[in-house]
There are 4 protein chains.
Amino acid sequence: MFSTVGMVSRTDRKDALQLAKRITNYLKTKRLRTFLDPELATSIKEPELAMPLPQMRPDMLITIGGDGTILRTCLEIPKPEPPILAIDIGVRGFLTEVKPNGAMKAIDNCLRGECILEKCAKLASVVEGESLPDALNEVLIAPDAPVKLLYTRIKIDKIPAGKCRADAVMVASQVGSTGYSFTAGGPVLDPSMDAFVLTPVCALGVFHPMVFPASSTVTIEVTKPQKTFVVVDGQHRRALKTENPSLTISKSEHQTTFIRFRRNFYRRLEARMLFYRGG
Amino acid sequence: MFSTVGMVSRTDRKDALQLAKRITNYLKTKRLRTFLDPELATSIKEPELAMPLPQMRPDMLITIGGDGTILRTCLEIPKPEPPILAIDIGVRGFLTEVKPNGAMKAIDNCLRGECILEKCAKLASVVEGESLPDALNEVLIAPDAPVKLLYTRIKIDKIPAGKCRADAVMVASQVGSTGYSFTAGGPVLDPSMDAFVLTPVCALGVFHPMVFPASSTVTIEVTKPQKTFVVVDGQHRRALKTENPSLTISKSEHQTTFIRFRRNFYRRLEARMLFYRGG
Amino acid sequence: MFSTVGMVSRTDRKDALQLAKRITNYLKTKRLRTFLDPELATSIKEPELAMPLPQMRPDMLITIGGDGTILRTCLEIPKPEPPILAIDIGVRGFLTEVKPNGAMKAIDNCLRGECILEKCAKLASVVEGESLPDALNEVLIAPDAPVKLLYTRIKIDKIPAGKCRADAVMVASQVGSTGYSFTAGGPVLDPSMDAFVLTPVCALGVFHPMVFPASSTVTIEVTKPQKTFVVVDGQHRRALKTENPSLTISKSEHQTTFIRFRRNFYRRLEARMLFYRGG
Amino acid sequence: MFSTVGMVSRTDRKDALQLAKRITNYLKTKRLRTFLDPELATSIKEPELAMPLPQMRPDMLITIGGDGTILRTCLEIPKPEPPILAIDIGVRGFLTEVKPNGAMKAIDNCLRGECILEKCAKLASVVEGESLPDALNEVLIAPDAPVKLLYTRIKIDKIPAGKCRADAVMVASQVGSTGYSFTAGGPVLDPSMDAFVLTPVCALGVFHPMVFPASSTVTIEVTKPQKTFVVVDGQHRRALKTENPSLTISKSEHQTTFIRFRRNFYRRLEARMLFYRGG
């Protein structure tokens, strides 16, 4: 099923590096071709396996870290994305699937095809005539100054759907509905929903989050001139040059695919809630 | 297209009764058979047209009033429901379509078939082994005492989806997402969404509204024994006899059909928001 | 310091009754005169110590139970209230001070005067010309029907301070700011605040909780006629007879006094938050 | 009562400049010594009246603009501040008192002493060993990256009062309770409250705003190292150099004094709510 494997890891934690080294050795014994993110390759002294993410095209990708590691990786890897086996070493593993001590068994299961591929819709967005990298979680637009109001007009498939004044406005995917959108007061979208949610941050007035089908195109038009920026997945930031930008978001043709061993959205949600409430 | 017409109206307002009388006369000139809700028939002195709602099976139904009038009518009328032409005499017409002065023209348009039939999903619910009337807006379960917490376990298609402690818990339809669910903090569901939303009222902890496909079955299990009641569309109230009731909600096989003259969900939403924010 | 002691306890739990019996015996050895709530007296077979709460005037009052037990006791006991030593046998002890196994030591400390008396402001309220029992937590007014909006006008010292449409409106004391008011979205008032908070439940529009000095008089006028009721501390419910009642709330001349062994509001708050978030 | 008058105005609006010119001429006829903010002096061709704000010490200060103009002015003017007559030319005048057409009459009334001096508490704050300018509205600390969580520990008078994880955390004054703190979900503090409110922006978990007496000192300690910045009144921004900064906020010895012609907090609040809800 898989003959080449890519690997990305946090390099600031010893346990992550040790695990990456062990997995690299294990993959060698399995005679699988392995690519390592260059920084990781250097850190675990396997320079000959280095391959920059934007050129990496493995059959399967292992990430060692938390959700941030996954989000950064998905922003850089060429499309279509390989399936991801996400190993959790941190506290925040909502997207992750296995703990370090289950890593080898998980890899074996993958190689035998004993896994579920969970496909997650991503968000394609265009602003100022240019495409942004696809978002797994959310695309957010905000003023480039603190304590400043963003005045926007929202359109769904070009039809006006309301005005929104807020600190920031985001569109989140189903997966992203449990991320920053949730913190800002957005609803949880069931994993079988093919839908997105538009969630304002600290909206004035009575603007609530809006859920619309993933087949829609949503446009966020800034109606009061000001400096703004866009952030994809909390990682990729882009300052906008125009003063009345219009951000258009729709379903990407690409997806992120996670390797799972059982269907367990609500179990993972519960774990995330535990983190949210400080457990 | 329509050969029999039913009519329901608020009878506590003179303007409503005058309009009902005018429409009745107009329908006579069109040689349409007309049924009136008995209270209305008495009020406008047309006793021979009286027909109780639970027996009324017209091709089209005219309501004169606000959303409350529509909700009450839909709870009582036999299924499948006739299309509804909703005339607004009040301040709260989110579901209504025409103002009194546009009523005759609207009826003419209907008779010529120049209208859009907007079909709205309804909620079927079962509790203590009995079916409740279908809900157009929402089904709510709450403790039968003020300032009392409801402890529940939520299941989506029998899979545990979380625990919720709140003043009350409701499931709202797409239409209902702009009603009481909204007031309780729920998201707006776009009219093209085939989805429902579960919204708690004053939840403890970090439980947010959850959106799930209309093809799902959601179960709200009361986990701490107490007296509770269920309310359908804010109108039909039923005290529960068991102490750990389980309320099951799914999409009804029936729909409510509104006669519209243009597609305008977000315009009506804007009007509703105006009411919400005190406009 | 104390020569007579009253005691109230939950009688539906064996551990509570056993503790009550032990304490009764202990007080006998200390030669303190003891009064028991009649239901408790019967339950632990000490009928000769029975004394109805409304006649009980001890130097000190011991409650065994949770916050509900304390609230019910404070509603009934004659004013001025004796200091309360609150023993926690349940999960919800925000107001309680000691665990059962610390009870005897706590009593000893009280008798030696080694304790802090924490005085808590209470709310006096008048509606339809009659005074309600003082509230330790909050006074709430709500429509006597579910899913029904309460239209009110708020006045602070007779000056209009805004209109509020909501499911219900309450005024909470400093102590009550961590109770139902909190659940409805209200702020926490620091224990050194001599202030109250007016908190709506599911308000329409942009009405936020309002904090005003405890020296103010707040009036909640119902502006749209309907059946309503008032609830004091979630326990004492009173249906209102008039259709446009006006509820007036101010600081009571009486206080509730808790016996504490250290100042620890924020520690108790943390414990309450743990309960709120599902810990 | 007043013998020298300072004036600050928005210079990007013609109506503001025309009014400033008229007032300047009027003050000349009254033989009052007038100081103009240098940019304003240039704009209305009165260079000889120019005086930089940080050196301006008039008996009374006129601002022409909205709340932003007032906030910026108060940050720069030497302490103690002169009383401010705030003329509103914009849409957002919560702090402002008079409309342009009432300006001359208002000035006359001031000169005759027919006015009320409304004193507003300000916030003094210290971070990294340095004092920030006093805040009229609020002091906010936030991570210097979007979609990033701030981990903090809150102390009131050095006593731990809870942990808070949020997008940002602010302390707002009574006046500021109707500003950004409100947007973030904070309560309204009655003008007679000598209190502050700590309000998180998009907090995780169940952290609610906390109200504490203005005599308290509140400390916000960043517990997870990261780049942060502080903003005073949405205007004065300061990047922090240390990774675990501790921000200390208490009541300033200085106040901002507004010239009012009647006591009308709740009327101004109502106007602000109208803006908030989109009126």
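Reply: Contact means heavy atoms within 4.5 Å. By that criterion, 26 residues from chain D and 26 residues from chain A take part. The model is a predicted one, in which local features need pLDDT of at least 70, side-chain atom pairs count only at pLDDT 80 or more, and totals for chains, interfaces and linings use all residues. Residues are numbered from 1 along each chain as its sequence is written, chains are lettered from A, and side-chain values use heavy atoms, with hydrogens and water left out.

Me: How is the size of an interface often given?

Reply: It is often given as the accessible area lost when the parts come together. Buried area is that loss, taken with a 1.4 Å probe and summed over both parts. Chain D and chain A bury about 2,000 Å² between them, with 65% of it on carbon and sulfur atoms.

Me: How many salt bridges are there between chain D and chain A?

Reply: A salt bridge is a side-chain nitrogen of Lys or Arg within 4 Å of a carboxyl oxygen of Asp or Glu. Between chain D and chain A the count is zero. On the side of chain D that touches chain A, the residues divide into 15 nonpolar (Ala, Val, Leu, Ile, Met, Phe, Trp, Tyr, Cys and Pro), seven charged (Asp, Glu, Lys and Arg) and four polar (the others, Gly among them).

Key: Buried area is the accessible area (1.4 Å probe) that two parts lose on being put together, summed over both.
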